[in-house]
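Today I am opening a new page for this protein and its ligand. Come along while I look through it piece by piece.

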Amino acid sequence: MEIDAFRAALDEWLDEHEAALAPSHAGLGTLDEEMAQLAKVRRLVYDAGWSRYGWPERVGGLGGSGLLRAYLGEVLTARDLIEAGIYSMPEVLAPTMIDFASEALAAEMVPKLLRGDEVWCQGFSEPGTGSNLAALSCRAVATDEGWRVSGQKVWTSLAQYSARCVLLTRTGDADSAHRGITALFVDMDSAGISVRPLETMHGLEEFSEVFFDDVLVPFDRTLGERDRGWSIAMDLLPYERSTSLWHRGAFLHRRFGQLLSTVDPEALDPRRVGEVAQLLYAFRARSRATQRRLAMGETLGSETSIDKLLVSTAEQAVFDLVAEGLASAVTIGDDAQSRRWRAEFLYSRASTIYGGTIEIQRNIVARRLLELGSDR
Ligand SMILES: Cc1cc2nc3c(=O)[nH]c(=O)nc-3n(C[C@H](O)[C@H](O)[C@H](O)COP(=O)(O)OP(=O)(O)OC[C@H]3O[C@@H](n4cnc5c(N)ncnc54)[C@H](O)[C@@H]3O)c2cc1C
């Protein structure tokens, strides 16, 4: 289906199903409420076919361009039906499953993710290994029965809700760095996995520590080639910085609009309002070009670091303006809307950390795109 026809038909369907899709909580819900709302919306949009567009038929999709997925997330966000951050996880993990899992595994698993029957998580970061991902030490040893995994991950978003994990493990010598990493697709109910949720600054237990104690993972859950998991990490990261960021941009536009319609315009410095609008539109223009490149079948790479820099800068600028215009809501307000503004302000501080920190993105832009020296 073409994007214009998709938009028109989807908008009409959303108008008709507004009541069924609406959240049952006001403002920011508990994480359980947000997850239940997400599962409900995913099921309804999948069963009506909308979230199957833009995905290949071999994983239950209905084909068509990825622009259709970008628009679906945008419009669900614009209507405040979902929280963009937790909604976008399939945009990060499903493309990599499609690229690297066996055809049978991808065909079995991806529809469960898209329909919201399952949540998946991304087990990359470890204590002491975030930016320097290639130094990861969670180990997988090949045995007669399959892989045996032992080690720890941290900051694993939504791990406590997840049925599966895309896990990076060390299978070669530590000094082989990039070449000794293997990616596995792990069932989170396997014996030996324990999950300990961590509370973020904005008051939700959105991520977790995950411990692996001699966990058995069958060999047919290996993603891509053994010891070549680094290429999977490199494949996944640009996805993390493309369609999901487009959704994030839609969320920021929504909140910027709500801020302007909520506060007395005199309470805001017009120059700052203009600057924020400019940052938002700069990101949107950049991300639009990225979406078009994806839709044309281009492979994304380091240049998506620019998208990540622009969106995280815009996010903090939007919520700095929120803190200025709605100071009492952000600091002491106790109604549902104030709590949401406060939580989102606090969460915006993390936007320059998750998905690769702003300093690392700047290093990538300087070294790989502008060729201003090597990493070492
Ligand atoms: C809300 C949130 C959700 C997350 N979800 C997940 C998830 O689902 N799965 C997952 O695997 N991870 C997740 N993460 C972890 C995230 O990817 C890491 O926090 C991030 O990559 C940074 O790693 P680190 O925390 O170890 O910090 P470090 O790498 O220790 O960095 C500390 C500081 O040093 C700076 N620094 C480090 N190296 C350099 C360098 N070479 N040059 C310049 N500056 C440098 C960094 O920019 C940063 O300011 C999440 C993080 C957050 C905040």
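**Core first, then the ligand**

I began with the largest nonpolar core and found that it holds 32 residues. Inside this core, the residues with the most contacts are M97, V110, W120, L168, F185 and L223. I keep in mind that this is a predicted model.

Next I looked up which elements build this core. The helices α6 (89-100), α7 (103-115) and α8 (229-240) each supply at least two residues, and so do the strands β4 (164-170) and β5 (181-187). I then checked the domains: domain 1 (3-87) and domain 2 (121-228) each give this core at least three residues.

Then I turned to the ligand. How many residues surround the ligand? I noted 16, and the closest are S125, S131, W155, T357 and E359. By type, the shell around the ligand has 7 nonpolar, 8 polar and 1 charged residues. Among the elements, β3 (147-157) and α14 (358-369) each supply at least two residues of this shell.

Why does the ligand lie between domain 2 (121-228) and domain 3 (241-369)? Both domains give residues to the shell around the ligand, so the ligand lies between them.

I also looked up distances to nitrogen atoms of the ligand. For Q122, a polar backbone atom is 2.7 Å from a ligand nitrogen. For S157, a polar side-chain atom lies 2.8 Å from a ligand nitrogen. For N363, an N or O atom of the side chain is 3.0 Å from a ligand nitrogen. My last entry is on cover: on its own the ligand has 980 Å² of accessible area, and the protein covers 66% of that.

Terms used: Residues numbered from 1 in each chain as written. Predicted model: local features only at pLDDT ≥ 70, side-chain atom pairs only at ≥ 80, totals over all residues. Heavy atoms only, no water. Near = heavy atom within 4 Å. Polar contact = N/O pair within 3.5 Å; in protein donor to acceptor, adjacent residues only side chain to side chain. Areas by Shrake-Rupley, 256 points an atom, 1.4 Å probe, with all protein chains shown as cover. Helix = DSSP H or I, 4+ residues; strand = E, 2+ residues; numbered from the N terminus. Nonpolar A, V, L, I, M, F, W, Y, C, P; charged D, E, K, R; others polar. Domains from an automatic or database assignment. Core = buried A, V, L, I, M, F, W, Y, C linked by side-chain atoms within 4.5 Å. Buried < 20%, exposed > 50% of the residue type's maximum accessible area, 1.4 Å probe, protein only.
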